[in-house]
Amino acid sequence: MKPEVRIVTISKQLSGRWTLPVLLHIRTEGDRFSPLQKRLQISPSRLSSNLQSLINEGVLHHIRAEDRHHPLFPEYTLTDKGRFLKEAAHILSASEQQLNVGSLSQKAWNWPILMAIHHHRSRFNEIRGLLHPATPRILSTRLQELKQMNIVSKTVVLHPTPVSSYTLSQEAAPILRTANEDLLSIID
């Protein structure tokens, strides 16, 4: 798999409102449901749903009742994939702080779009091709939001037919370059 595809795949796996926060807050040695819920300040049903999704994706492992420290308290540990994604989550979180526009990872597709543009996918259909199965509507919505945050610039060339081209803003480009390099360093 090409490094750019791998980076975009990692950023896809970390997209979503609670994925990054859960990975950043869960202890590497394992964690129980209630303390994690209190640290995240999330509803029990929302946390349960997100933990189940992470289990289904092979990021977390739910410890069986007979293997827990206390059989009545659910416990979760990170899998190898989860430990890797936790490290990647720290990189994206640090980049979000540098960009100073809030949590980009809360909305699905923000980070994958930024990484696609960083990897010279400048046209809408090029971005869409790399981010399959994202719909055209969600991509255009996210691109517009990123443009309003001054992270992405849009240029329209009218000759011979109108074509839009997306690039990273001058402020965002070095931050995304560093994030990409840091992600590549943990892949190898």
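**View A. Val101 touches Glu96, Met149 and Ile151, residues up to four places away in sequence not being counted.** A contact here means heavy atoms within 4.5 Å. The model is predicted, with local features requiring pLDDT of at least 70 and side-chain atom pairs pLDDT 80 or more, while totals for chains, interfaces and linings use all residues. Residues are numbered from 1 along each chain as its sequence is written, and side-chain values use heavy atoms, with hydrogens and water left out. Val101 is placed in the loop between helix H5 (80–99) and helix H6 (110–118); helices (H or I, at least four residues) and strands (E, at least two) are DSSP runs, numbered from the N terminus. With a relative accessible area of 28%, Val101 is partly exposed, a class lying between buried (under 20%) and exposed (over 50%), for a 1.4 Å probe and protein chains only. The C-alpha atoms of Val101 and Ser15 are 16 Å apart in space, and the two residues are 86 apart in sequence.

**View B. Asn100 and Trp109 lie in the loop between H5 and H6.** The phi of Asn100, which comes just after H5, is about 55 degrees and positive. Asn100 is exposed, its relative accessible area being 67%. Trp109 also has a positive phi, near 85 degrees, in a residue other than glycine. Its relative accessibility of 16% is why Trp109 counts as buried.

**View C. His132 and Pro133 are joined by a cis peptide bond.** Omega of this bond is about 20 degrees. Pro133 is located in the loop between helix H7 (124–130) and helix H8 (136–148).

**View D. H5 is a helix of 20 residues with a buried set of side chains, among them Phe84, Leu85, Ile91, Leu92 and Leu99.** From first to last C-alpha, H5 reaches 29 Å, close to the expected 28 Å; the expected span is 1.5 Å times one less than the number of residues. Gly82, Lys86, Ser93, Ser95 and Glu96 are also among the buried residues of H5. The partners against which the buried residues of H5 pack are helix H1 (3–13), helix H2 (19–25), strand S3 (75–78), H6 and helix H9 (172–187).

**View E. H5 and H9 have axes that come within 10 Å and cross at roughly 170 degrees.** H5 is therefore roughly antiparallel to H9, the cut-off for that description being an angle over 145 degrees. Axes are lines fitted to C-alpha atoms, for helices over the stretch in contact, and angles run from 0 to 180 degrees between N-to-C directions. H5 contributes Phe84, Glu87, Ala88, Ile91, Leu92, Ser95, Gln98 and Leu99 to the contact, and H9 contributes Ala172, Ile175, Leu176, Ala179, Asp182, Leu183, Ile186 and Ile187. Of the residues in the contact of H5 with H9, twelve are nonpolar, two polar and two charged; Ala, Val, Leu, Ile, Met, Phe, Trp, Tyr, Cys and Pro count as nonpolar, Asp, Glu, Lys and Arg as charged, and the others, Gly among them, as polar.

**View F. The axes of H1 and H6 come within 7 Å and cross at roughly 165 degrees.** H1 and H6 are therefore roughly antiparallel to each other. The contact involves Ile7, Val8, Ser11 and Lys12 of H1, together with Trp111, Pro112, Met115 and Ala116 of H6. The contact of H1 with H6 comprises six nonpolar residues, one polar and one charged.

Methods
Angles under 35 degrees count as roughly parallel, over 145 as roughly antiparallel, 65 to 115 as roughly perpendicular and the rest as oblique.
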